[in-house]
Every structure is written in structure tokens, then in C-alpha cells.
Amino acid sequence: MADRKRRLEENTSRVDSSCDLVIEDCSNRRQYNLDDIRNKTIHGDSPTALEKMPADVFDAVFMDPPYFLQLPKKDLIRWEARTIARGVDDEWDKFPSFEEYDTYIEKMLKGVQRVMKPSATIWVISTYHSMFRIGRVMQDLGFWILNDVIWVKTNPMPNWLGVRFTNATENLIWAVKHKDAKKYTFHKDVAKKMGIGSVGANVWVLPICTGGQRLKNENREKLHSTQKPIELLKRVILVSTNEGDLILDPVAGTGTTGYVASALDRDFVMIERSRKYVDGIAHRFKTPPQISKEPEPGAQKVESYIPLEDG
Ligand SMILES: C[S@@+](CC[C@H](N)C(=O)[O-])C[C@H]1O[C@@H](n2cnc3c(N)ncnc32)[C@H](O)[C@@H]1O
């Protein structure tokens, strides 16, 4: 707390410089103290790194695991624009079978469950491709689901072939680590501002990550195919954590979780296996974000056309 006060007074960032941000996980490192890893990104395999951390230390977790999308190999052509849509075709999203995907998710979630405080909550995001499998694994491991939140995308990937609905949603499961967990953080006034209708229902309407927010590689292509928008993480963090809390993201990608946590005066630990994304995170932290604590104005409009009321 004293450290946080000092930072506020000196107006310095939670991450002092981007080169201090990354820790290389290696086999001769047996254990991590919290002070070693607070506000750091660990470059390494998540279950392996989690095993080296003390139990019961994190106040919240945001986990955005591989979707296992299994998209067809052929190109998706936008016929009118004569361009090719780039879906998610990354090696990290590929698994030989559902069974191996389930084993991967279970291992990751077991590691995460151990390091969560008894009062901590976890958010797991995915799409219909894997959400139901993840939900089952979570329940089998004893996580207790508090809500799901449906994220409605205002700018989803178009459905080129017209043979099914345009998929404009992702789901977030919000859970505690055991059924008997008590005193978890939930800011209901914040929740009301975010969800639709006067009740603040569990539907969030916001765009996918585009434009200046999107990290680019040296060829000006997007660095990561599934970078999450800042507004999504802002909501997760504001509604379920307090200033000074410690937040874990075990599959960090471009580091959106830590980036937003840091701007909102929370601490973080992130883990990411890919060198190029870890480098992207280090670069990203050179420009700290300015993030307002209010939801984006666009989200407010939803009330006018879906007027939900208390039942
Ligand atoms: C869906 S992406 C996360 C995107 C992230 N939320 C963002 O905003 O950029 C999943 C990430 O998990 C990483 N990953 C997958 N398995 C991992 C593992 N075992 N350990 C560490 N990172 C892993 C992948 O490299 C990928 O970047």
C-alpha cells in the first residue's frame, strides 16, 4: 500500500520501465516470491510457472485461452471487396482432438485454482467453439459459476457464406473457486452502468478491438489475431476488483489485462508462451493508457432499445 501511495504521489507507472517487465521462466527457477513477479510478464508455459507460485495469492483472474476454432483451411473471400478475411489460424489455437484440448484446459485451470485466494473470482472468455467444454471442466473442478456475461460485438466478423447466423457474441464465465467461497468483490453500481437496461443485465455491448488500439507487427499487420478490447478488460476489472488488488492472466497474448490493470491502479502477473507477444507487451507498456473509469458512451445507447426492467 505504501508503495502504491508513493507511486500516486510521484505520478509514476506501476511498471517502472518496459525492460523490467519481463521475466524468463526457466527450469532452474524453482519458486517465485510474489515480490519477484508483481507487475511482471513471465515468458514461459503457464501451468509450469503457476506451480512455482505460492497458493492463495491472487484476487482475480482473467483467462482468455485458445478457442480451438478448427476453421476450414480454405480462404474466406469477401467477394464484393475482393479481399481475403484472415481468421484465427495460429499454431497456439491448434489441438489434435477435443480430448487433448480438455486436458490442456483442465491442467491450466487446476494451476489457476490453486493460486486464487479463497475470495477470488475468475473470468474465462470463449466462443461456442469451446465455451461449453470449458464450463464443464470448471464445474468438474469445483469452480462455482456466478454468472455468464454475453459480449455482443457491434462490429463482428461478417458471415460470408450465409449458411448460418453471423456469430456476434462471446461468453464470459464468472466464477469463484469453490461453492462455499464468500466475500468476493462485486461492485453492483458499476455493473448497473455496464449491462443493458436499468437493471444492468449480463449483456455487454461493445466493439471488438480495432484501429489504434490494435498492436501491429513490423509489416503493419495485426500482431495478435484475438487481442481483446481495452473496454472489455476495464469492465471486468472495475466490477470485480479493488485498487491494489493482484490480477492474474495466465494466457496474456498482447497483455491487455495487465495494461488495463496497471492504468486502473491494480497489480498484475501475466504469463505468455510466445516470444513475439511478450515483446509486443514490452513495447505496449512504453505508452501507458489513459483509461476513464466510466463505461464507453456507446454502451449507454443500448438502454433505449432494450428497456429491461426488474421482474
Ligand atoms: C486467446 S489469446 C489471448 C489474447 C489476449 N487476451 C489479448 O488481449 O491479447 C491466448 C494466448 O495464450 C497463449 N498461450 C497458450 N497456451 C499457453 C501456455 N501454456 N502458457 C502460456 N501462454 C499460452 C497463446 O500464445 C496466446 O497468445
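Two strands are said to pair if DSSP finds at least two bridges between them, and by that rule strand 2 and strand 11 pair in the parallel sense over four bridges. The model described here is a predicted one, and its protein has 311 residues, of which 35% count as buried. Its secondary structure comes to 11 helices and 11 strands. Among contacts between residues at least 6 apart in sequence, 71% join residues that are at least 24 apart.

- Strand 1 pairs with strand 2 (residues 40-43) in the parallel sense over three bridges, and within strand 2 the bridge partner of valine 22 is threonine 41.
- Threonine 41 also stands opposite methionine 270 in strand 11, and methionine 270 in turn has aspartate 249 standing opposite.
- Strand 10 (residues 246-249) pairs with strand 11 in the parallel sense, over four bridges.

**Strand 11, an enclosed strand**

- Six of the six residues of strand 11 are buried, so this strand is largely enclosed by the rest of the structure.
- In a regular strand the side chains alternate between the two faces of the sheet.
- In strand 11, Asp267, Val269 and Ile271 point one way, while Phe268, Met270 and Glu272 point the other way, and all of them are buried.

**Helices lying across the sheet**

- Which residues of helix 9 are buried? They are Tyr277, Val278, Gly280, Ile281 and Arg284, and because these buried residues fall within an arc of 155° when seen down the helix axis, they line one face of helix 9.
- The buried residues of helix 9 pack against strand 1, strand 2, helix 8 (256-263) and strand 11, whereas the face turned away from the buried side carries the exposed residues Arg275 and Lys276.

**Around the ligand**

- There are 18 residues around the ligand, and those that come nearest are Ser46, Val251, Gly253, Thr254 and Thr256.

**Serine 27, a loop residue**

- Serine 27 has its place in the loop between strand 1 and helix 2 (34-37).
- Is serine 27 buried or exposed? A residue counts as exposed if 12 or fewer other C-beta atoms lie within 10 Å of its own, and serine 27 is exposed because it has 7 other C-beta atoms within 10 Å.
- Serine 27 and alanine 49 are 22 residues apart in sequence, and their C-alpha atoms are 9.6 Å apart in space.

Terms used. Residues are numbered from 1 along each chain as its sequence is written. This is a predicted model: local features need pLDDT of at least 70, side-chain atom pairs count only at pLDDT 80 or more; totals for chains, interfaces and linings use all residues. Helices (H or I, at least four residues) and strands (E, at least two) are DSSP runs, numbered from the N terminus. A residue is buried if 20 or more other C-beta atoms lie within 10 Å of its own, exposed if 12 or fewer, and partly exposed in between; C-beta atoms are placed from the backbone. Two residues are in contact if their C-beta atoms, placed from the backbone, lie within 7 Å. A residue is near a molecule or strand if its C-beta atom, placed from the backbone, lies within 6 Å of it. The arc is that of the directions from the helix axis to the C-beta atoms.
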